[in-house]
Amino acid sequence: MDFGEGVLREVNVTLVSAKVGDYVLVHAGYAIQVLDEKEAKETIQLWNEILEAETPKN
Amino acid sequence: MTEKLRFRDPDLAKRVAEKIHDVAPKEGVVKICHVCGTHEWTITHFGIRSLLPANVEVIAGPGCPVCIVPASEIDEAVQLALKGVTVTCFGDVLRVPGSKMSLLDAKAEGTDVRVVYSVSDAVRLAAKEPNREFAFFAVGFETTAPSTAVEIQGKPPKNLSFLVSHRIIPPAMKLLAEMEDLNLNGFIAPGHVSTIIGLKSYEIFPQKYGMPTVVAGFEPLDVLFGIYMILKQLSEGNPRLENEYKRAVSWEGNTKAQELMQKVFSVVDGNWRGLGTISSSKYVLNAEHAVYDAHLKHDVKVEHGADIQHGCKCHLVIIGKIKPTQCPLFLKACTPQKPVGACMVSVEGTCRIWAREAAAESAS
């Protein structure tokens, strides 16, 4: 598992169905969830929508 | 990397803060509670409280898995070490005070206590020395409990047993929601616990307690949007369950992890340091896996421990009733170097997080 910036460590993937290239959330040496890139992008889009949709009241 | 920066975009943060000011009530106090040490770190480190209106308070609930381990369970781990069993544990458990001593004190007495990064390391250490008895001190919420379940299900070496102290978060949130004098108005539900237990586990909070509940991630913008979503629900008078952390949390959660935990653990009432007994809030090994139970294997059992040392206010900090700075011991008798209370020990403890930020502020 590559933690980014060259940090490599063995991680147990029993709890997830991850394939090479996936981003995973790691807690105490175990991957606990595969991160959804599409949802991550949608979150940022949703934020922008919230900020743009409503104009300040005053 | 670009995405990471966008999750911390200061301009976006300013705009959300403006929205928060727009939607927040002009009168009365709103109290939002989170139950995660990492949320407290984000909030404190990025100065999120300073961006909020004066009448919007974000308080830290019992979100540090190490702080809530009662002294009796630390005493059990210490007893195991004193009996000659090698105790393996996470680093932040080492200095948590027991009734008389911490695991670090026990180590100083010459017992064999070793810090591991994960339960799989505990398994590896035990396998390497088959003639020595090992016990793994398994603390943590639903985020950590599945890893213990994986190893127990995987038939660990015979010389390894487990002191299981895992706790379950939603029952503690129920306790907070029912505390009348706490007057909470909303919950930021913990992101990593939720990856395991799923959004569905929080349905009861808007339904039964009328409490807006938002699962949020750990970037500063995640937390700010979580706060905004709660305030928006309050302004609409429509408390509901919302998911801000969709990139990691689903409705069902991690079903593989849930199934494994079900196979290995039973749920019992559990004592939480500073909170007392909370019904159905603790995992213990079930009958089928009792052979791995360190209590039975090494005959250790401590019913009552001294949870709160004289003068310590951890029991009030842990439910957000007082801020760490309101405790007379904070950064006086109780410091990260010499903690009196459990909240000052772990990097996820509210007092420890506040102490670190106070040190950073005075250094700058």
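## Helix packing, a buried glycine and the chain interface

In this predicted model, the cover over the buried residues of α3(B) includes strands β1 (30-34), β2 (56-60) and β7 (186-189) of chain B, together with helices α11 (220-236) and α15 (350-363) of chain B. Helix α3 spans residues 37-45 of chain B, and its buried residues are G37(B), H39(B), E40(B), T42(B) and I43(B). Just after α3(B), G47(B) has a positive phi of about 65 degrees.

G61(B) is placed in the loop that runs between β2 and α4 (71-82) of chain B. G61(B) counts as buried because it has 26 C-beta neighbours inside 10 Å, where 20 or more are required. Apart from neighbours within four places in sequence, the contacts of G61(B) are C33(B), H34(B), V35(B), L176(B), I319(B) and G320(B). The C-alpha atoms of G61(B) and F187(B) are 9.7 Å apart, although 126 residues separate the two along the chain.

Between the chains, 20 residues of chain A are in contact with 27 residues of chain B. On the chain A side, β1 (24-27), β2 (30-34) and α1 (37-53) of chain A each contribute at least two residues. The largest share, six residues, is from α1(A). The table gives the composition of the side of chain A that touches chain B.

| Residue class, side of chain A touching chain B | Number |
|---|---|
| Nonpolar | eleven residues |
| Polar | six residues |

Note on methods
Residues numbered from 1 in each chain as written. Chains lettered and ligands numbered in written order. Predicted model: local features only at pLDDT ≥ 70, side-chain atom pairs only at ≥ 80, totals over all residues. Contact = placed C-beta atoms within 7 Å. Helix = DSSP H or I, 4+ residues; strand = E, 2+ residues; numbered from the N terminus. Nonpolar A, V, L, I, M, F, W, Y, C, P; charged D, E, K, R; others polar. Buried ≥ 20, exposed ≤ 12 C-beta atoms within 10 Å, placed from the backbone.
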